[in-house]
Amino acid sequence: MELNETQLDAMKELGNIGASHAATSLSTMLMSEIEMTVPEARIVDIADISEYFGDEISALVVFEIQGELHPGGYVVLHLPKKSAIRLTNTMLGSTDMDREFNEMDESALLEVGNIMVSQFLDATATLLGIVMLPSPPAIAIDMAHAAFANVVSMVAVDINQIILFRTELKSKMHDIESTIVMLPDEGTLEQILKILEDLVKSPQ
């Protein structure tokens, strides 16, 4: 898989629009300002996936991209354990940080993920002029690199590289960090790039 700089920039811009809407929804839920890092899009060798995600226990809320593009790939909301607990404490009115995840945490994280990823996909789909919807979410609690390796195995069955898009969303007020990761299927990626190319060429 090879993408030139123009194609990578186009994917960054697409992700930037989606992540901005996700950040707005998170800001509304937490009633605090959300900082967003510059989106990153790169080709990653699957064998090196552990270099991009640490071994910290994390919560991953995983969605399959459904709609006109099939198979679409996956979008993942990733929160390190401490950030995930702070987030659910804020929502549930708890202050106990020294605990394991429970069913209420998982339910709250699924709800947050559903709202944020729905906003992410709605914004990107609107730009592309297609329908992209999130599947019902699934949650994984595991070391981040192990959980991502499992998701990647569902996207990349016969290939050795994937395109990885991600951006970090941070709330300084609540000391919460989260990352949105998009792992498009290779065919979906080709269709998205074709639509973006046509949009650039179309008269304004």
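The dialogue below goes through terms used for this predicted model and sets values against their definitions.

Tutor: In this predicted model, local features need pLDDT of at least 70 and side-chain atom pairs count only at pLDDT 80 or more, while totals for chains, interfaces and linings use all residues. Residues are numbered from 1 along each chain as its sequence is written, and side-chain values use heavy atoms, with hydrogens and water left out.

Student: How do you know which element holds T179?

Tutor: Helices (H or I, at least four residues) and strands (E, at least two) are DSSP runs, numbered from the N terminus. T179 is found in strand 8, residues 176-184.

Student: What makes a residue a contact of T179, and which residues does T179 touch?

Tutor: A contact means heavy atoms within 4.5 Å. Not counting residues up to four places away in sequence, T179 touches V76, L77, H78, R166, T167 and E168. For V76, the separation is 103 residues in sequence and 8.0 Å in space, C-alpha to C-alpha.

Student: What makes D175 and M31 worth a remark?

Tutor: M31 has a positive phi of about 55° although it is not a glycine, and D175 also has a positive phi of about 55° without being a glycine. M31 sits in the loop between helix 1 (5-30) and strand 1 (35-36), just after helix 1. D175 sits in the loop between strand 7 (161-171) and strand 8.

Student: How are M31 and D175 classed by accessibility?

Tutor: M31 has a relative accessible area of 71%, so M31 is exposed. D175 has 42% relative accessibility, so D175 counts as partly exposed.

Student: What makes F120 and F165 an aromatic pair, and what kind is it?

Tutor: Rings of Phe, Tyr and Trp (its six-membered ring) pair if their centres lie within 6.5 Å; planes under 30 degrees apart count as stacked, over 60 as edge-to-face and the rest as tilted. A search of the whole structure finds 1 aromatic pair. F120 and F165 are 6.2 Å apart centre to centre with 35° between the planes, and the pair is tilted. F120 lies in helix 3 (residues 103-128) and F165 in strand 7, so the pair ties together parts that are 45 residues apart in sequence. F120 and F165 are both buried.

Student: How do you know that the length of helix 5 agrees with expectation?

Tutor: The expected span of a helix is 1.5 Å times one less than its number of residues. Helix 5 (residues 186-201) has 16 residues and should span 22 Å; its end C-alpha atoms are 23 Å apart, which agrees.

Student: Why are the buried residues of helix 5 placed on the same side?

Tutor: The buried residues of helix 5 are T188, L189, I192, L193 and L196. They cover an arc of only 135° around the axis, which puts them on the same side of helix 5; the arc is that of the directions from the helix axis to the C-beta atoms. The face turned away from the buried side of helix 5 carries the exposed residues E190 and K201. What covers the buried residues of helix 5 includes helix 1, helix 3, strand 7 and strand 8.

Student: How does the reach of helix 1 compare with the expected value?

Tutor: Helix 1 has 26 residues and reaches 36 Å from its first C-alpha to its last, close to the 38 Å expected at 1.5 Å a residue. The buried residues of helix 1 include L8, M11, L14 and L30.

Key. Buried < 20%, exposed > 50% of the residue type's maximum accessible area, 1.4 Å probe, protein only.
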